Amino acid sequence: MAPNPRPEEPQDTPDTYVGLEAAGAERLARERGWSAVRSLPPGAIITMEYRSGRLNFEVTGGRVTRCWKG
């Protein structure tokens, strides 16, 4: 059988990261099993492809203000 090209996503709720300090939120996300964590400034231009196993943080003033999968 061929390996699964998409990593499994942790059973985690992105809203739990909102309000956390960015570095601590990233550590927590990796501990919970996210294979990639991306911190972005507000209004960053990003591609819209969905990547399973990735968690995105929008960070303002060192704190997570928005969080979403993919």
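Arg 27 counts as exposed, because its relative accessibility is 53% and exposed means over 50% relative accessible area, buried under 20%, and partly exposed in between (1.4 Å probe, protein chains only). Arg 27 belongs to helix H1, which covers residues 22–31. The model is predicted: local features need pLDDT of at least 70, side-chain atom pairs count only at pLDDT 80 or more, and totals for chains, interfaces and linings use all residues. Residues are numbered from 1 along each chain as its sequence is written, and side-chain values use heavy atoms, with hydrogens and water left out.

**Overall architecture**

- The C-alpha trace spans about 45 × 25 × 15 Å along its principal axes.
- Of the 70 residues of the protein, 31% count as buried.
- Among contacts (heavy atoms within 4.5 Å) with a separation of 6 or more, 38% come from residues 24 or more positions apart.

**The nonpolar core**

- The largest nonpolar core has 11 residues, namely Tyr 17, Ala 22, Ala 25, Ala 29, Trp 34, Val 37, Leu 55, Phe 57, Val 59, Val 64 and Cys 67.
- H1, E2 and strand E3 (63–69) are the elements that give two or more residues to this core.
- A nonpolar core is a set of buried Ala, Val, Leu, Ile, Met, Phe, Trp, Tyr and Cys residues joined through side-chain atoms within 4.5 Å.
- Ala 29 touches Tyr 17, Trp 34, Val 37, Leu 55 and Phe 57, when residues up to four places away in sequence are not counted.

- Asp 12 lies in the segment before H1 and counts as buried because its relative accessibility is 12%.
- The side chain of Asp 12 makes polar contacts with the side chains of Tyr 17 (2.3 Å) and Arg 32 (3.0 Å).
- A polar contact is a pair of N or O atoms within 3.5 Å; within protein, one must be able to donate a hydrogen and the other to accept it, and residues adjacent in sequence count only if both atoms are side-chain atoms.
- Beyond its neighbours within four places in sequence, Asp 12 is in contact with Tyr 17, Arg 32, Trp 34 and Lys 69.
- Arg 54 is placed in strand E2 (residues 54–60) and counts as buried because its relative accessibility is 6%.
- The side chain of Arg 54 makes a polar contact with the side chain of Glu 49 at 3.3 Å.
- Leaving aside neighbours within four places in sequence, the contacts of Arg 54 include Trp 34, Ala 36, Arg 38 and Trp 68.
- Glu 58 is also in strand E2, and with 19% relative accessibility Glu 58 counts as buried.
- Although Glu 58 and Leu 40 are 18 residues apart along the chain, their C-alpha atoms are separated by 4.8 Å.
- With neighbours within four places in sequence left aside, Glu 58 is in contact with several residues, among them Leu 40, Pro 41, Thr 65 and Trp 68.

**Partly exposed strand residues**

- Ser 39 is in strand E1 (residues 36–40) and is partly exposed, because its relative accessible area is 38%.
- Apart from neighbours within four places in sequence, Ser 39 is in contact with Glu 26, Phe 57 and Val 59.
- Thr 65, found in strand E3, is partly exposed with a relative accessible area of 38%.
- Not counting residues up to four places away in sequence, Thr 65 touches Val 18, Glu 58, Val 59 and Thr 60.

Terms used. Helix = DSSP H or I, 4+ residues; strand = E, 2+ residues; numbered from the N terminus.
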